[in-house]
Amino acid sequence: MDNKEIIRLLNIDFVHELEATMIYAYNSFIIQDCNASRLTEAISVDEMRHMWWLADLITKRGGKPTMEHKELDFGGEDLKSQLKRQIQSENEGIDEYVHQIEIIDDEEVVGVLKHILDEEKRHRKEFREILGKMD
Ligand SMILES: [Fe+2]
Ligand SMILES: [Fe+2]
């Protein structure tokens, strides 16, 4: 796989992390439940850290991170729908990272993606636990 293709794939991840960072940061401002708000805030910081790691991989390979994100979907007005939206975002990231780890043949990139994947799985578990307690 050439550098150009690796950069293209990493930019898909970068934009997804950018969207997750903004969605979680915003939701943490409006969620009333203290635990859910704090967790969402902490995870938004993780997602921003993922942006740094990916941007580092992209620029090292001669690319530029793209900031062209889609229209943001924050979930609905209530905590349940916000958590469901956040779990969906984690699922999308996990699917993408699992796929990319299989097809990318750059050891450094794969190492970083595996680390991010582990964190996304933890995020999903933490959001699911809070959602599960609400039923
Ligand atoms: Fe992330
Ligand atoms: Fe995540």
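Predicted model: local features only at pLDDT ≥ 70, side-chain atom pairs only at ≥ 80, totals over all residues.
How closely do the axes of H1 and H3 approach, and at what angle do they cross?

**View 1. Crossing of helices H1 and H3.** The axes of H1 and H3 come within 11 Å and cross at roughly 165°. Because angles over 145 degrees count as roughly antiparallel, H1 and H3 are described as roughly antiparallel to each other. The crossing in which H1 passes H3 is left-handed.

**View 2. Residues at the contact of H1 with H3.** From H1, the contact is made by Leu9, Ile12, Asp13, His16, Ala20, Ile23, Tyr24 and Asn27. H3 contributes Gln82, Gln86, Ser89, Glu92, Gly93, Glu96 and Gln100. By class, five residues of this contact are nonpolar, seven are polar and three are charged.

**View 3. Helix H3 and its buried residues.** Leu79, Gln82, Leu83, Gln86, Ser89, Glu90, Gly93 and Tyr97 are the buried residues of H3. They pack against helix H1 (3-30), helix H2 (34-60) and H4.

View 4. With 17 other C-beta atoms within 10 Å, leucine 117 is partly exposed. Beyond residues up to four places away in sequence, leucine 117 touches Ile94, Tyr97, Val98 and Ile101. Glutamate 47 lies 70 residues from leucine 117 in sequence and 11 Å from it in space, C-alpha to C-alpha.

Definitions and conventions:
Residues numbered from 1 in each chain as written. Chains lettered and ligands numbered in written order. Buried ≥ 20, exposed ≤ 12 C-beta atoms within 10 Å, placed from the backbone. Contact = placed C-beta atoms within 7 Å. Helix = DSSP H or I, 4+ residues; strand = E, 2+ residues; numbered from the N terminus. Axes fitted to C-alpha atoms, helices over the stretch in contact; angles between N-to-C directions. Parallel < 35°, antiparallel > 145°, perpendicular 65-115°, else oblique. Left-handed = near helix turned anticlockwise from the far one by under 90°. Nonpolar A, V, L, I, M, F, W, Y, C, P; charged D, E, K, R; others polar.
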